[in-house]
Amino acid sequence: MRPMQLPPPSASGANPAPATTNNNNKEQRPQRRRKDLTLPLPQRDTNLAVPLPLPPSTAPAAAASGGASQQAAQQVIPFSELERLNRIGSGSGGTVYKVVHRTSGRVYALKVIYGHHEESVRRQIHREIQILRDVDDANVVKCHEMYDQNSEIQVLLEFMDGGSLEGKHITQEQQLADLSRQILRGLAYLHRRHIVHRDIKPSNLLINSRKQVKIADFGVGRILNQTMDPCNSSVGTIAYMSPERINTDINDGQYDAYAGDIWSFGVSILEFYMGRFPFAVGRQGDWASLMCAICMSQPPEAPPSASPHFKDFILRCLQRDPSRRWSASRLLEHPFIAPPLPNHNQTPPNLHQLLPPPPRPLPS
């Protein structure tokens, strides 16, 4: 006769049922009761509860919802697959080339930075590039890769086919408002991420054929300023520096880098409108003349031909006291940038629709 099998133990740790014989009246043996091995659940303090980490963006679920395209966008571009086409710009800090990625056919800008820098500076630049690669905004030039090729630092950037706004004369305030709006959006994005440009000027504002304006040359240039000869690089930049940055005696030595970007932005916008450097001296003048003009004289103002909104907009940017300058986010709400536009598409309601229906005639 086949004996019965014992049932499996339950998950709650209860004792299994006692074994019995099929047709015998033998006295059943009392089984020993097992000691409960389960542990009491601890009392949870919800104030100390820690949420579980989110899955990484490279998870299969993310790939199914478009994550594959994100992985492709973040794929490393080997330096050997880049082909130089022509030089598109040069300055005291380096030379920029137009390059093409032979595998994908995409066009980029490759900035080759002059000089053989110390190892500590190289490590700092590497760390900075990792941060800049995560910057993703429609009004900031995208930084894709950095290469250390033949002891030269080379940075792969987004290509802007319209070049820089250097030397542009923009008299139409509507165009200038659109330009200012795009630059301020890029600045507001950088400032929210605690990134300061420190070198806003027309040559660092680029445009493409789709009329998109983007901020360029941030991050790496800021690090290299301390390693290059200031006699060769600071003259073109000091023209757009805020007074308290040039003269540390102003504002009790306190320097707000975000407010410094706003000053540089205001000088650049006013230069676009006037068609010349807005101070009484030339932009390429000597260091002493520029310092006196920026630090000793009153901030420049918009000319009388400008609209009241534009005059006030420039006034909010070019305040000697940095605490009185508006932030990038606040300037985006200025009437010059965001005027109340009438809704011409909305048709006025028909007057007869607002009147009550005529009373029905009484039955005769």
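Predicted model: local features only at pLDDT ≥ 70, side-chain atom pairs only at ≥ 80, totals over all residues.
1. Residues are numbered from 1 along each chain as its sequence is written, and side-chain values use heavy atoms, with hydrogens and water left out.

2. On the cysteines: a disulfide here is a pair of cysteine sulfur atoms within 2.5 Å. The sulfur of cysteine 292 has its closest cysteine sulfur in cysteine 295, 7.9 Å away, which is too far for a bond. Cysteine 295 is accordingly in no disulfide. Cysteine 292 is partly exposed because its relative accessibility is 40%, while cysteine 295 is buried at 3% (buried means under 20% relative accessible area, exposed over 50%, partly exposed in between, with a 1.4 Å probe and protein chains only).

3. Helix α9 covers residues 287-295, and its buried residues include Leu290, Ala293 and Ile294 (helices are DSSP runs of H or I, at least four residues, numbered from the N terminus).

4. Alanine 188 belongs to helix α3, residues 173-192, and counts as buried because its relative accessibility is 4%. Leaving aside residues up to four places away in sequence, alanine 188 touches Ala328, Ser329 and Leu332 (contact means heavy atoms within 4.5 Å). From C-alpha to C-alpha, alanine 188 and leucine 331 are 9.6 Å apart in space, yet 143 residues apart in sequence.

How values were computed: Helix = DSSP H or I, 4+ residues; strand = E, 2+ residues; numbered from the N terminus.
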